[in-house]
Amino acid sequence: MMTIDPRITAFADDLTAWRRDIHAHPELGFEEERTSRIVAEKLRQFGCEVTTGIGRTGVVGTIRVGNNPRAVGLRADMDALPMDEANTFAHRSQHAGRMHACGHDGHTTMLLGAARYLAATRNFDGTVHFIFQPAEEGRGGAEAMVKDGLFDKFPCEAVFGLHNRPKLEVGKFQIRSGPMMAGGGLFDIHIKGKGAHGARPESGVDPVVIGGHIITALQTVISRTIAPIDSGVISITQMHAGDAYNVIPETAVLRGTVRAFRKEVMATIKQKIERIAGGIAASLGGEARTEVRVAFPPLVNDPTEAQWIGDVAASIVGEDNVNRNGNYVMASEDFSYMLEKVPGAFILIGNGGDEGGCEVHNPGYDFNDAALPLGATLWARVVEARLARRD
Ligand SMILES: [Zn+2]
Ligand SMILES: [Zn+2]
(Lines give C-alpha, C1' and ligand atoms only; values in the text may rest on other atoms or scores of the structure.)
(Ligands and ions follow the chains in the order given, each with its own letter.)
Protein backbone atom coordinates (compact mmCIF):
# COMPACT_ATOMS: atom_id res chain seq x y z
CA MET A 1 0.00 0.00 0.00
CA MET A 2 1.51 3.24 -1.14
CA THR A 3 0.54 6.38 0.70
CA ILE A 4 1.19 9.01 -1.93
CA ASP A 5 0.09 12.42 -0.75
CA PRO A 6 -3.36 13.13 -2.29
CA ARG A 7 -2.44 16.81 -2.69
CA ILE A 8 0.42 15.66 -4.93
CA THR A 9 -1.72 13.09 -6.78
CA ALA A 10 -4.09 15.97 -7.52
CA PHE A 11 -1.48 17.57 -9.80
CA ALA A 12 0.04 14.36 -11.20
CA ASP A 13 -1.07 15.35 -14.71
CA ASP A 14 0.93 18.57 -14.42
CA LEU A 15 3.99 16.58 -13.36
CA THR A 16 3.66 14.34 -16.42
CA ALA A 17 3.27 17.36 -18.70
CA TRP A 18 6.36 19.10 -17.20
CA ARG A 19 8.42 15.93 -17.43
CA ARG A 20 7.50 15.30 -21.07
CA ASP A 21 8.21 18.91 -22.01
CA ILE A 22 11.70 18.68 -20.46
CA HIS A 23 12.19 15.28 -22.12
CA ALA A 24 11.37 16.75 -25.54
CA HIS A 25 13.90 19.58 -25.04
CA PRO A 26 17.06 17.93 -23.73
CA GLU A 27 20.14 20.07 -23.05
CA LEU A 28 23.71 18.96 -22.40
CA GLY A 29 25.71 19.76 -19.27
CA PHE A 30 26.19 23.51 -18.55
CA GLU A 31 23.91 24.27 -21.53
CA GLU A 32 20.67 23.81 -19.55
CA GLU A 33 19.45 27.35 -20.38
CA ARG A 34 15.85 26.45 -21.15
CA THR A 35 15.56 23.84 -18.42
CA SER A 36 16.99 26.07 -15.69
CA ARG A 37 14.81 28.97 -16.86
CA ILE A 38 11.70 26.77 -16.56
CA VAL A 39 12.83 25.51 -13.15
CA ALA A 40 13.45 29.06 -11.88
CA GLU A 41 10.10 30.31 -13.26
CA LYS A 42 8.16 27.50 -11.63
CA LEU A 43 9.95 27.90 -8.29
CA ARG A 44 9.10 31.63 -8.31
CA GLN A 45 5.45 30.86 -9.19
CA PHE A 46 5.27 28.47 -6.23
CA GLY A 47 6.63 31.22 -3.95
CA CYS A 48 10.23 30.08 -3.41
CA GLU A 49 13.23 32.40 -3.15
CA VAL A 50 15.27 31.64 -6.27
CA THR A 51 19.01 31.91 -6.88
CA THR A 52 20.31 31.26 -10.39
CA GLY A 53 23.81 30.99 -11.82
CA ILE A 54 25.32 28.74 -9.12
CA GLY A 55 27.60 26.36 -11.01
CA ARG A 56 26.77 28.26 -14.23
CA THR A 57 23.30 26.89 -15.08
CA GLY A 58 22.49 25.60 -11.58
CA VAL A 59 19.42 26.87 -9.68
CA VAL A 60 18.55 26.84 -5.97
CA GLY A 61 15.02 27.37 -4.69
CA THR A 62 14.48 28.06 -0.98
CA ILE A 63 11.47 27.96 1.35
CA ARG A 64 11.83 29.21 4.93
CA VAL A 65 9.15 28.54 7.53
CA GLY A 66 9.34 29.78 11.12
CA ASN A 67 12.65 30.52 12.88
CA ASN A 68 14.08 27.06 13.29
CA PRO A 69 17.68 27.46 12.01
CA ARG A 70 17.82 23.89 10.69
CA ALA A 71 18.03 23.39 6.93
CA VAL A 72 17.96 20.43 4.58
CA GLY A 73 19.05 20.22 0.91
CA LEU A 74 17.36 18.14 -1.81
CA ARG A 75 19.15 17.73 -5.11
CA ALA A 76 18.07 16.88 -8.67
CA ASP A 77 20.10 16.88 -11.89
CA MET A 78 18.95 18.57 -15.12
CA ASP A 79 21.26 17.51 -17.97
CA ALA A 80 20.79 15.13 -20.90
CA LEU A 81 23.19 12.90 -22.83
CA PRO A 82 24.85 13.44 -26.23
CA MET A 83 23.02 10.63 -28.08
CA ASP A 84 20.13 10.12 -30.50
CA GLU A 85 16.78 8.99 -29.11
CA ALA A 86 15.25 5.88 -30.72
CA ASN A 87 11.75 6.36 -29.23
CA THR A 88 8.90 7.49 -31.49
CA PHE A 89 6.37 8.74 -28.91
CA ALA A 90 5.14 12.33 -29.06
CA HIS A 91 7.47 13.61 -26.32
CA ARG A 92 10.65 12.21 -27.93
CA SER A 93 13.68 14.49 -28.17
CA GLN A 94 13.26 17.32 -30.63
CA HIS A 95 17.03 17.69 -30.93
CA ALA A 96 19.29 15.29 -32.82
CA GLY A 97 22.22 14.08 -30.75
CA ARG A 98 20.63 14.94 -27.40
CA MET A 99 18.45 12.75 -25.23
CA HIS A 100 17.20 12.50 -21.65
CA ALA A 101 18.36 8.87 -21.44
CA CYS A 102 19.21 8.91 -17.72
CA GLY A 103 15.87 10.19 -16.40
CA HIS A 104 17.15 13.55 -15.16
CA ASP A 105 13.95 15.00 -16.67
CA GLY A 106 12.08 12.90 -14.09
CA HIS A 107 14.40 13.84 -11.21
CA THR A 108 13.94 17.56 -11.98
CA THR A 109 10.17 17.15 -12.19
CA MET A 110 9.87 15.23 -8.90
CA LEU A 111 11.79 17.94 -7.06
CA LEU A 112 9.65 20.65 -8.68
CA GLY A 113 6.57 18.71 -7.55
CA ALA A 114 7.85 18.65 -3.98
CA ALA A 115 8.58 22.40 -4.11
CA ARG A 116 5.04 23.11 -5.32
CA TYR A 117 3.53 21.01 -2.55
CA LEU A 118 5.80 22.31 0.24
CA ALA A 119 5.39 25.96 -0.78
CA ALA A 120 1.61 25.54 -0.62
CA THR A 121 1.37 23.47 2.58
CA ARG A 122 4.35 24.84 4.60
CA ASN A 123 3.77 22.12 7.19
CA PHE A 124 7.31 22.24 8.58
CA ASP A 125 9.58 24.45 10.65
CA GLY A 126 12.94 25.35 9.11
CA THR A 127 14.50 25.80 5.68
CA VAL A 128 14.55 23.60 2.60
CA HIS A 129 16.86 24.24 -0.34
CA PHE A 130 15.90 22.66 -3.68
CA ILE A 131 19.19 22.20 -5.52
CA PHE A 132 18.92 21.82 -9.32
CA GLN A 133 22.31 20.78 -10.55
CA PRO A 134 23.68 21.03 -14.09
CA ALA A 135 26.08 18.70 -15.86
CA GLU A 136 25.93 15.46 -13.89
CA GLU A 137 27.00 13.33 -16.87
CA GLY A 138 30.76 13.67 -16.57
CA ARG A 139 31.00 17.44 -16.89
CA GLY A 140 31.41 18.29 -13.22
CA GLY A 141 28.18 20.09 -12.35
CA ALA A 142 28.10 19.14 -8.67
CA GLU A 143 31.71 20.20 -8.23
CA ALA A 144 30.97 23.50 -10.01
CA MET A 145 28.08 24.25 -7.63
CA VAL A 146 30.16 23.33 -4.56
CA LYS A 147 33.04 25.54 -5.80
CA ASP A 148 30.56 28.37 -6.32
CA GLY A 149 29.83 28.20 -2.59
CA LEU A 150 26.63 26.15 -2.65
CA PHE A 151 26.87 25.04 0.97
CA ASP A 152 28.32 28.38 2.19
CA LYS A 153 25.40 30.31 0.73
CA PHE A 154 22.87 27.58 1.54
CA PRO A 155 24.12 25.72 4.61
CA CYS A 156 22.39 22.35 5.08
CA GLU A 157 22.63 19.86 7.95
CA ALA A 158 22.00 17.07 5.43
CA VAL A 159 21.64 16.71 1.68
CA PHE A 160 19.73 14.01 -0.20
CA GLY A 161 19.68 12.92 -3.83
CA LEU A 162 17.69 10.36 -5.81
CA HIS A 163 18.08 8.40 -9.04
CA ASN A 164 15.64 6.22 -10.92
CA ARG A 165 16.44 2.53 -11.20
CA PRO A 166 15.16 0.61 -14.25
CA LYS A 167 14.09 -3.01 -13.55
CA LEU A 168 13.14 -2.05 -10.00
CA GLU A 169 9.34 -1.88 -9.77
CA VAL A 170 7.62 1.47 -9.39
CA GLY A 171 6.78 1.73 -5.70
CA LYS A 172 10.08 0.28 -4.53
CA PHE A 173 13.22 1.97 -3.25
CA GLN A 174 16.78 0.74 -2.94
CA ILE A 175 19.66 2.09 -0.89
CA ARG A 176 22.74 0.96 0.99
CA SER A 177 24.70 2.36 3.85
CA GLY A 178 28.29 3.48 3.25
CA PRO A 179 29.87 3.19 -0.21
CA MET A 180 27.16 2.63 -2.84
CA MET A 181 28.49 3.80 -6.21
CA ALA A 182 32.02 3.63 -7.54
CA GLY A 183 34.42 6.50 -7.87
CA GLY A 184 35.91 6.78 -11.32
CA GLY A 185 39.10 8.06 -12.87
CA LEU A 186 40.86 8.21 -16.23
CA PHE A 187 44.52 7.70 -16.98
CA ASP A 188 47.03 8.37 -19.74
CA ILE A 189 50.45 6.71 -19.83
CA HIS A 190 52.82 8.44 -22.26
CA ILE A 191 55.75 6.12 -23.07
CA LYS A 192 58.89 7.53 -24.61
CA GLY A 193 61.41 5.21 -26.27
CA LYS A 194 63.76 5.79 -29.16
CA GLY A 195 62.67 5.29 -32.75
CA ALA A 196 64.62 2.95 -35.00
CA HIS A 197 64.45 0.87 -38.16
CA GLY A 198 62.28 -2.19 -37.60
CA ALA A 199 65.19 -4.39 -38.63
CA ARG A 200 67.68 -2.74 -36.24
CA PRO A 201 66.06 -2.84 -32.75
CA GLU A 202 69.46 -2.66 -31.05
CA SER A 203 69.75 0.98 -32.10
CA GLY A 204 66.46 2.04 -30.46
CA VAL A 205 64.26 1.65 -27.39
CA ASP A 206 60.97 0.03 -28.34
CA PRO A 207 57.97 1.78 -26.64
CA VAL A 208 55.60 -0.94 -27.92
CA VAL A 209 57.42 -3.62 -25.93
CA ILE A 210 57.52 -1.31 -22.89
CA GLY A 211 53.76 -0.80 -23.27
CA GLY A 212 53.20 -4.56 -23.42
CA HIS A 213 55.07 -5.09 -20.16
CA ILE A 214 53.21 -2.22 -18.50
CA ILE A 215 49.83 -3.69 -19.54
CA THR A 216 50.78 -7.06 -18.08
CA ALA A 217 52.20 -5.60 -14.88
CA LEU A 218 49.15 -3.41 -14.28
CA GLN A 219 47.13 -6.63 -13.89
CA THR A 220 48.86 -7.03 -10.51
CA VAL A 221 47.54 -3.75 -9.09
CA ILE A 222 44.06 -5.01 -8.18
CA SER A 223 45.08 -8.65 -7.59
CA ARG A 224 48.21 -8.01 -5.49
CA THR A 225 47.96 -4.57 -3.90
CA ILE A 226 44.26 -4.14 -3.08
CA ALA A 227 42.83 -6.11 -0.17
CA PRO A 228 40.54 -8.92 -1.39
CA ILE A 229 37.56 -7.50 0.53
CA ASP A 230 37.94 -4.21 -1.34
CA SER A 231 37.18 -3.98 -5.01
CA GLY A 232 38.45 -2.02 -7.94
CA VAL A 233 38.84 -2.13 -11.70
CA ILE A 234 41.60 -1.05 -14.04
CA SER A 235 40.77 -1.32 -17.73
CA ILE A 236 43.25 -0.32 -20.41
CA THR A 237 40.95 0.76 -23.20
CA GLN A 238 43.32 2.36 -25.70
CA MET A 239 46.82 1.64 -27.03
CA HIS A 240 48.29 3.79 -29.74
CA ALA A 241 51.72 3.50 -31.34
CA GLY A 242 53.37 3.55 -34.70
CA ASP A 243 52.35 4.11 -38.32
CA ALA A 244 54.58 1.85 -40.41
CA TYR A 245 55.37 -1.86 -40.72
CA ASN A 246 59.11 -1.32 -40.55
CA VAL A 247 59.55 1.55 -38.09
CA ILE A 248 59.93 1.13 -34.33
CA PRO A 249 58.05 4.20 -33.12
CA GLU A 250 59.44 6.81 -30.79
CA THR A 251 56.41 6.93 -28.49
CA ALA A 252 53.36 4.97 -27.40
CA VAL A 253 50.28 5.89 -25.38
CA LEU A 254 48.09 3.73 -23.15
CA ARG A 255 44.79 5.04 -21.81
CA GLY A 256 42.08 3.61 -19.62
CA THR A 257 39.72 3.93 -16.71
CA VAL A 258 39.78 3.00 -13.03
CA ARG A 259 36.89 2.44 -10.59
CA ALA A 260 36.77 1.85 -6.83
CA PHE A 261 34.37 2.23 -3.91
CA ARG A 262 36.76 3.79 -1.42
CA LYS A 263 38.91 6.90 -1.78
CA GLU A 264 41.91 5.14 -0.24
CA VAL A 265 41.67 2.39 -2.87
CA MET A 266 41.50 5.00 -5.64
CA ALA A 267 44.62 6.65 -4.21
CA THR A 268 46.47 3.31 -4.06
CA ILE A 269 45.53 2.46 -7.64
CA LYS A 270 46.73 5.86 -8.84
CA GLN A 271 50.06 5.52 -7.06
CA LYS A 272 50.67 1.94 -8.27
CA ILE A 273 49.92 2.80 -11.91
CA GLU A 274 52.43 5.63 -11.77
CA ARG A 275 55.07 3.51 -10.08
CA ILE A 276 54.70 0.45 -12.31
CA ALA A 277 54.62 2.44 -15.55
CA GLY A 278 57.63 4.54 -14.57
CA GLY A 279 59.63 1.63 -13.19
CA ILE A 280 59.07 -0.71 -16.13
CA ALA A 281 59.82 1.98 -18.69
CA ALA A 282 63.05 2.91 -16.87
CA SER A 283 64.17 -0.71 -16.56
CA LEU A 284 63.79 -1.13 -20.33
CA GLY A 285 65.64 2.08 -21.15
CA GLY A 286 62.67 4.36 -21.77
CA GLU A 287 60.48 6.74 -19.81
CA ALA A 288 56.80 6.81 -18.89
CA ARG A 289 54.83 9.80 -17.74
CA THR A 290 51.50 8.92 -16.13
CA GLU A 291 48.53 11.17 -15.51
CA VAL A 292 45.64 9.82 -13.45
CA ARG A 293 42.66 12.15 -13.16
CA VAL A 294 39.93 11.39 -10.63
CA ALA A 295 36.64 12.13 -12.39
CA PHE A 296 34.29 11.32 -9.50
CA PRO A 297 34.90 10.34 -5.90
CA PRO A 298 33.04 7.20 -4.74
CA LEU A 299 29.47 7.88 -3.60
CA VAL A 300 29.35 7.15 0.13
CA ASN A 301 26.07 7.29 2.05
CA ASP A 302 26.24 8.43 5.65
CA PRO A 303 25.00 5.34 7.58
CA THR A 304 22.71 7.36 9.87
CA GLU A 305 21.21 9.36 7.01
CA ALA A 306 20.80 6.25 4.80
CA GLN A 307 18.91 4.57 7.63
CA TRP A 308 16.84 7.69 8.16
CA ILE A 309 15.74 8.23 4.55
CA GLY A 310 15.11 4.47 4.29
CA ASP A 311 12.68 4.90 7.20
CA VAL A 312 10.99 7.82 5.43
CA ALA A 313 10.64 5.73 2.24
CA ALA A 314 9.27 2.81 4.29
CA SER A 315 6.67 5.12 5.82
CA ILE A 316 5.34 5.69 2.27
CA VAL A 317 5.69 2.30 0.55
CA GLY A 318 6.10 -0.11 3.48
CA GLU A 319 9.27 -1.75 4.77
CA ASP A 320 8.89 -4.66 2.32
CA ASN A 321 9.39 -2.27 -0.58
CA VAL A 322 12.62 -0.71 0.66
CA ASN A 323 15.75 -2.73 -0.04
CA ARG A 324 18.27 -1.34 2.43
CA ASN A 325 20.98 -3.71 1.27
CA GLY A 326 20.95 -2.86 -2.44
CA ASN A 327 23.77 -3.89 -4.74
CA TYR A 328 26.89 -1.84 -5.21
CA VAL A 329 26.65 0.11 -8.45
CA MET A 330 29.82 0.23 -10.55
CA ALA A 331 28.63 3.37 -12.38
CA SER A 332 29.58 6.75 -10.92
CA GLU A 333 27.42 9.67 -9.83
CA ASP A 334 28.71 13.14 -9.11
CA PHE A 335 26.35 13.76 -6.18
CA SER A 336 29.34 12.20 -4.40
CA TYR A 337 30.95 15.70 -4.42
CA MET A 338 28.07 17.06 -2.37
CA LEU A 339 28.19 14.10 0.02
CA GLU A 340 31.87 14.86 0.60
CA LYS A 341 30.86 18.28 1.95
CA VAL A 342 27.62 17.53 3.79
CA PRO A 343 26.40 14.22 5.24
CA GLY A 344 23.46 12.72 3.47
CA ALA A 345 22.34 9.86 1.29
CA PHE A 346 21.44 8.90 -2.27
CA ILE A 347 18.44 6.63 -2.80
CA LEU A 348 17.21 4.76 -5.90
CA ILE A 349 13.54 4.80 -6.91
CA GLY A 350 12.05 2.07 -9.11
CA ASN A 351 11.42 3.04 -12.72
CA GLY A 352 9.57 -0.17 -13.56
CA GLY A 353 10.27 -3.23 -15.65
CA ASP A 354 8.17 -2.60 -18.72
CA GLU A 355 7.53 0.96 -19.77
CA GLY A 356 10.84 2.72 -19.27
CA GLY A 357 12.25 -0.60 -18.17
CA CYS A 358 15.28 -0.57 -20.39
CA GLU A 359 18.53 0.58 -18.89
CA VAL A 360 19.59 4.19 -18.56
CA HIS A 361 21.87 5.51 -21.33
CA ASN A 362 19.97 3.29 -23.81
CA PRO A 363 18.38 5.02 -26.86
CA GLY A 364 15.03 3.39 -26.01
CA TYR A 365 14.95 4.56 -22.39
CA ASP A 366 12.20 6.76 -20.94
CA PHE A 367 11.53 7.91 -17.40
CA ASN A 368 8.33 6.35 -16.04
CA ASP A 369 5.76 9.06 -15.25
CA ALA A 370 4.04 6.70 -12.78
CA ALA A 371 6.98 7.30 -10.42
CA LEU A 372 6.63 11.11 -10.37
CA PRO A 373 4.06 11.49 -7.55
CA LEU A 374 5.93 8.95 -5.42
CA GLY A 375 9.27 10.75 -5.81
CA ALA A 376 7.64 14.10 -5.02
CA THR A 377 5.97 12.53 -1.96
CA LEU A 378 9.31 11.15 -0.76
CA TRP A 379 10.87 14.63 -0.88
CA ALA A 380 7.83 16.16 0.83
CA ARG A 381 8.00 13.63 3.68
CA VAL A 382 11.77 14.05 4.02
CA VAL A 383 11.24 17.76 4.72
CA GLU A 384 8.19 17.30 6.96
CA ALA A 385 9.90 14.59 9.01
CA ARG A 386 13.29 16.28 9.24
CA LEU A 387 11.92 19.73 10.02
CA ALA A 388 8.87 18.60 11.97
CA ARG A 389 6.85 21.42 13.53
CA ARG A 390 7.36 21.70 17.25
CA ASP A 391 3.99 23.28 18.08
ZN1 LIG B 1 23.56 8.89 -16.57
ZN1 LIG C 1 21.79 9.86 -14.14
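Q: What stands opposite G161 in strand 16?
A: G161 stands opposite F346 there; strands are DSSP runs of E with at least two residues and helices are runs of H or I with at least four, numbered from the N terminus. This is a predicted model, where local features need pLDDT of at least 70, side-chain atom pairs count only at pLDDT 80 or more, and totals for chains, interfaces and linings use all residues. Residues are numbered from 1 along each chain as its sequence is written, chains are lettered from A and ligands numbered from 1 in the order in which they are written, and side-chain values use heavy atoms, with hydrogens and water left out.

Q: What makes strand 5 and strand 16 a pair?
A: Pairing requires that DSSP finds at least two bridges between two strands. Strand 5 and strand 16 run parallel and are joined by 7 bridges, so they qualify as a pair.

Q: Why is C102 called buried?
A: Buried means under 20% relative accessible area, exposed over 50%, and partly exposed in between (1.4 Å probe, protein chains only). C102 has 7%, so it is buried. H361, at 41%, counts as partly exposed.

Q: Why is the site of the zinc ion (ligand 1) called irregular?
A: Four donors count as tetrahedral if all angles lie between 85 and 135 degrees; four count as square planar and six as octahedral if opposite donors are over 155 degrees apart and all others between 65 and 115; anything else is irregular. The angles among the 4 donor atoms here are 51 to 150°, so the site is irregular.

Technical notes: Donors are N, O and S atoms within 2.8 Å of the metal (3.2 Å for Na, K and Ca); water is not among the atoms, so sites may look incomplete.
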